[in-house]
Amino acid sequence: MQEVILALVAGLVVGFLFGLIKLPIPAPPALAGVMGIFGVYLGYKLFQWVTVSFFG
């Protein structure tokens, strides 16, 4: 859980700094983009689970 909180704090700091120097955010600005990133992560975890469960 500490890793998640640290990642959130780092993201908040980076987002604030990008806003401060008037740069576009380095992440998808729409929910669809965020869900795409989440889908990539879930797909990777699914691959790991399948390889360990059936071939490990």
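Pro 28 is partly exposed, at 30% relative accessible area; buried means under 20%, exposed over 50% and partly exposed in between, with a 1.4 Å probe and protein chains only. Its place is in the loop between helix 1 (2–20) and helix 2 (31–55). Leaving aside residues up to four places away in sequence, Pro 28 touches Gly 33, Val 34 and Ile 37, where contact means heavy atoms within 4.5 Å.

A word on the ground rules: this is a predicted model, in which local features need pLDDT of at least 70 and side-chain atom pairs count only at pLDDT 80 or more, while totals for chains, interfaces and linings use all residues. Residues are numbered from 1 along each chain as its sequence is written, and side-chain values use heavy atoms, with hydrogens and water left out.

## Overall build

The protein chain has two helices and zero strands. Helices (H or I, at least four residues) and strands (E, at least two) are DSSP runs, numbered from the N terminus.

The C-alpha trace spans about 50 × 25 × 15 Å along its principal axes. The radius of gyration is 16 Å, whereas a compact globule of 56 residues would have one near 10 Å; the value is taken over C-alpha atoms, and the globule rule is 2.2 Å times the number of residues to the power 0.38.

## Surface

Of the 56 residues, 0% count as buried. The accessible surface of the protein chain comes to about 5100 Å², and 80% of that belongs to carbon and sulfur atoms; areas come from the Shrake-Rupley method with a 1.4 Å probe, and for residues only the protein chains shown count as cover.

A nonpolar surface patch, with about 1000 Å² of accessible area together, includes Met 1, Val 4, Phe 16, Leu 17 and Leu 23. Patch residues have over 30% relative accessible area and no salt bridge, and nonpolar side chains (Val, Leu, Ile, Met, Phe, Trp, Tyr) are joined within 5 Å; a salt bridge is a side-chain nitrogen of Lys or Arg within 4 Å of a carboxyl oxygen of Asp or Glu. Leu 17 lies in helix 1 and is partly exposed at 43% relative accessibility.

## Local details

The count comes to one aromatic pair. Trp 49 and Phe 54 form this edge-to-face pair, 5.9 Å centre to centre with 85° between the planes; rings of Phe, Tyr and Trp (its six-membered ring) pair if their centres lie within 6.5 Å, and planes under 30 degrees apart count as stacked, over 60 as edge-to-face and the rest as tilted. Phe 54 is exposed, at 58% relative accessibility.

Lys 22 sits in the loop between helix 1 and helix 2 and is exposed, at 74%. Phi of Lys 22 is near 60°, a positive value in a residue other than glycine. Most residues other than glycine have a negative phi.

Conventions. Patches are made of residues with over 30% relative accessible area and no salt bridge: like charges are joined within 9 Å, nonpolar side chains (Val, Leu, Ile, Met, Phe, Trp, Tyr) within 5 Å.
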